[in-house]
Amino acid sequence: MLYLVRHAKAGDRATWHGDDTHRPLTTKGRRQAELIAERLAWTVTGELLSSPYLRCVETLEPLATRLSATVRIDQRLTEGTGFAGTLQVLGEVPDNSVLCSHGDVIPDTLQALQRRGCHILDEPNWGKGSVWLIHRDVHGDFTEASVWPPPEV
C-alpha cells in the first residue's frame with residue numbers, strides 16, 4: 001500500500017503575498033495534518049516524500065514527528081509537473097510510504113494509473129487533505145486505489 005496525500009488547507013493563493021512555494025497551512029490545515037498523522041501513524045513504515053512547497057512539507061510534519069522520521073523533498077511531486085514524475089516515485093518507494101503533492105498532480109496521476117489498469121474503487125475526491133490508498137502487487141503493478149476524504153475539522 002502507498003499513500004498519496006493532497007496537502008492540507010493552505011492560505012488563499014489569491015491573497016498570498018510572496019513566493020507561492022512558501023505559502024503555509026492555515027490553522028484548519030494544521031489540524032487536518034494532525035488528523036492525517038493520527039490515521040496513518042499505525043501503518044506507515046516506508047518513506048515520507050513531499051513536494052518542496054511548504055504546505056506539502058507541513059502536511060507531513062506531524063506524521064514525521066510521530067514516526068521520528070524525516071520528510072524528504074522530491075521535486076517530481078511539485079505542482080505543475082504532471083503525472084510522470086509521481087508515477088516514477090510511486091514505483092521507487094517501499095510499501096507503506098507516503099507522498100504529498102498538489103491538486104493538479106494527484107488527479108492526473110490517478111487518471112494515468114487508471115489508464116494502466118488500476119481500478120479506482122471510489123468516486124474521486126481531490127479535496128485538500130484527501131488521502132489516496134494505492135495498492136501495488138508483488139510485480140509492482142498498481143492494482144486498485146481508494147480514497148479517504150479530507151478530515152473534518
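A: The side chain of threonine 43 makes a polar contact with the side chain of tyrosine 3 at 3.3 Å, a polar contact being a pair of N or O atoms within 3.5 Å in which, within protein, one atom must be able to donate a hydrogen and the other to accept it, while residues adjacent in sequence count only if both atoms are side-chain atoms. This is a predicted model, in which local features need pLDDT of at least 70 and side-chain atom pairs count only at pLDDT 80 or more, whereas totals for chains, interfaces and linings use all residues. Residues are numbered from 1 along each chain as its sequence is written, and side-chain values use heavy atoms, with hydrogens and water left out.

Threonine 43 sits in the loop between α1 (27-40) and β2 (48-50), where helices (H or I, at least four residues) and strands (E, at least two) are DSSP runs numbered from the N terminus. Threonine 43 counts as buried because its relative accessibility is 13%, and buried means under 20% relative accessible area, against over 50% for exposed and partly exposed in between, with a 1.4 Å probe and protein chains only. Leaving out residues up to four places away in sequence, threonine 43 touches Tyr3 and Asn96, contact meaning heavy atoms within 4.5 Å.

Helix α1 also holds glutamine 32, which is buried at a relative accessible area of 3%. The side chain of glutamine 32 reaches the backbone nitrogen of lysine 9 at 2.8 Å, and its contacts beyond four places in sequence include Ala8, Lys128 and Val153.

Turning to the strands, β1 (residues 2-6) pairs with β6 in the antiparallel sense over four bridges, pairing requiring that DSSP finds at least two bridges between two strands. In this pairing valine 5 stands opposite valine 131. Strand β6 (residues 131-136) is mostly covered, with five of its six residues buried, and on β7 (residues 142-148) it has an antiparallel partner joined over six bridges. Here histidine 135 stands opposite glutamate 144 of β7. The two strands β6 and β7 form a hairpin with five residues between them, and glycine 140 in that turn has a positive phi of about 90°.

Helix α4 (residues 105-115) has buried residues that include Val105, Ile106, Leu110 and Leu113, and the buried residues of α4 pack against β1, α3 (84-92), β4 (98-101), β5 (119-120), β6 and β7. Just after α4, glycine 117 takes a positive phi of about 100°.

Two arginines lie over aromatic faces: arginine 39 over tryptophan 148, at 3.7 Å from the ring centre, and arginine 115 over phenylalanine 83, at 5.3 Å from the ring centre. A charge sits over a ring if NZ of Lys or CZ of Arg is within 6 Å of the ring centre and within 35 degrees of the ring normal.

A search of the whole structure finds zero disulfides, a disulfide being a pair of cysteine sulfur atoms within 2.5 Å. Cysteine 56 is in no disulfide, and the nearest cysteine sulfur, that of cysteine 100, is 3.9 Å away. Cysteine 56 is buried, with a relative accessible area of 0%, and cysteine 100 counts as buried at 0% relative accessibility.
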